Amino acid sequence: MHYISLLSTIITAVFATAVLSRYRYKKGRHLLFWGIGLIFYGIGTLTEVILGLTFSEAALKAWYLSGAMLTAAWLGQGTIFLLVRKRGVAPALAAALVLVSILAVVLVALAPINRDVTFDVRQPISTQYKDIMGRSGLIVVLTILLNIYGTIGLVGGAIYSAFLFWRKRVLANRMAGNLLIAAGALMPAMAGSFVNAGLVDWLYVSELLGVILMFLGFRQATAAKEPASQTSAVSTTQV
Amino acid sequence: MKRSSKRFSESGWTQYLVPAVLVLLAAGLLGTFLVVILSLLGVFSV
């Protein structure tokens, strides 16, 4: 069993609950997409736990779909809602993301499984999935595009927000929170690109550190109460 | 004009550490994309 993934799953569940609870009374679409993105994150780490116990085709496909394809894009879309204020742009991008996500579900569901390969439960799935699951060119391209989109949105958005707060010298808690979110989101993004390139595999550790840092960042950024007078461009980078 | 009460006072870490962290994060982001592009170009043998 992979205990790191189990710990990641527990922390992600708490984090997702916090974000979706905030969505219940704040109603920001960014919170909804972050919450869904975190559910994908949790499915990804939970399926790593399952695959650390036994092989399951459904778990493998759920892992690839949620962890490798959808998590970053949905989290990034949340930040797009927060930062892109031009009317209609963020909803249009969200609609495109939903359509691409449905396509991803279909493609991954239909992906062939090579049953001749021996699966080792002691090894992380990230080192074995390429030999077991047949990925079409479209799946690979979609995986890359979704991750680039999500990483630019989430990491780039957090860096940009932190920079704005720093430049204006306001809301130190949100500046620090965005720095933590950027660092946390960057970890699995880097590890995922390393896995994809066949380099060193530290995906499980990066997922754990990543979700801890993002959760701390979210808590930090949402810690202080806002006075009603808050205005200006800085308000566009609220969490 | 009333100044925002949310302004924070300048200190060593906001003056030097924050921009350094921002640059590091941006470099990490670019490095991640570089790895993706290089792997697409077949630079890494998988």
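For the complex as a whole, the predictor reports an ipTM of 0.85 together with a pTM of 0.90. Within chain B the mean pLDDT is 82, and 85% of the residues of this chain reach 70 or more. Where pLDDT is low, the predicted coordinates should not be read in detail. In its secondary structure, chain B has 1 helix and 0 strands, and of its 46 residues 13% are buried.

The contact between the two chains comes next. On one side, 27 residues of chain A take part, and they are in contact with 23 residues of chain B. The elements of chain A that give two or more residues to this side are H6 and helix H7, the latter spanning residues 172-196, and it is H7(A) that provides the largest share, with 11 residues. By class, the side of chain A that touches chain B has 21 nonpolar, 5 polar and 1 charged residues.

Two residues give a local view of this contact. Leu186(A), when neighbours within four places in sequence are left aside, is in contact with Val155(A) in its own chain and with Leu25(B), Gly28(B), Leu29(B) and Thr32(B) in the other. Seen from chain B, Gly28(B) is found in helix H1 of that chain, and, with sequence neighbours within four places again left aside, Gly28(B) is in contact with Leu186(A) and Met190(A).

Within chain A, the packing of H4 against H6 can be followed in some detail. The axes of helix H4 (residues 89-110) and helix H6 (residues 137-168) of chain A come within 11 Å and cross at roughly 145 degrees, and the crossing of H4(A) and H6(A) is left-handed. From H4(A), the residues Val100(A), Ala104(A), Leu107(A) and Val108(A) meet Leu138(A), Ile139(A), Leu142(A) and Leu146(A) in H6(A). The contact of H4(A) with H6(A) has, by class, 8 nonpolar, no polar and no charged residues.

Gly192(A), whose place is in helix H7 of chain A, is buried, because 24 other C-beta atoms lie within 10 Å. Apart from neighbours within four places in sequence, Gly192(A) is in contact with Ala68(A), Asn147(A) and Leu203(A), while Ser126(A), 66 residues apart from Gly192(A) in sequence, is 8.8 Å apart from it in space, C-alpha to C-alpha. Val49(A), by contrast, has its place in helix H2 of chain A and is partly exposed, with 18 other C-beta atoms within 10 Å. Val49(A) and Gly177(A) are 128 residues apart in sequence, and their C-alpha atoms are 29 Å apart in space.

Conventions:
Residues are numbered from 1 along each chain as its sequence is written. Chains are lettered from A and ligands numbered from 1 in the order in which they are written. This is a predicted model: local features need pLDDT of at least 70, side-chain atom pairs count only at pLDDT 80 or more; totals for chains, interfaces and linings use all residues. Helices (H or I, at least four residues) and strands (E, at least two) are DSSP runs, numbered from the N terminus. A residue is buried if 20 or more other C-beta atoms lie within 10 Å of its own, exposed if 12 or fewer, and partly exposed in between; C-beta atoms are placed from the backbone. Axes are lines fitted to C-alpha atoms, for helices over the stretch in contact, and angles run from 0 to 180 degrees between N-to-C directions. A crossing is left-handed if the near helix is turned anticlockwise from the far one by less than a right angle, and right-handed if clockwise. Two residues are in contact if their C-beta atoms, placed from the backbone, lie within 7 Å. Ala, Val, Leu, Ile, Met, Phe, Trp, Tyr, Cys and Pro count as nonpolar, Asp, Glu, Lys and Arg as charged, and the others, Gly among them, as polar. pLDDT is the predictor's confidence in each residue, from 0 to 100.
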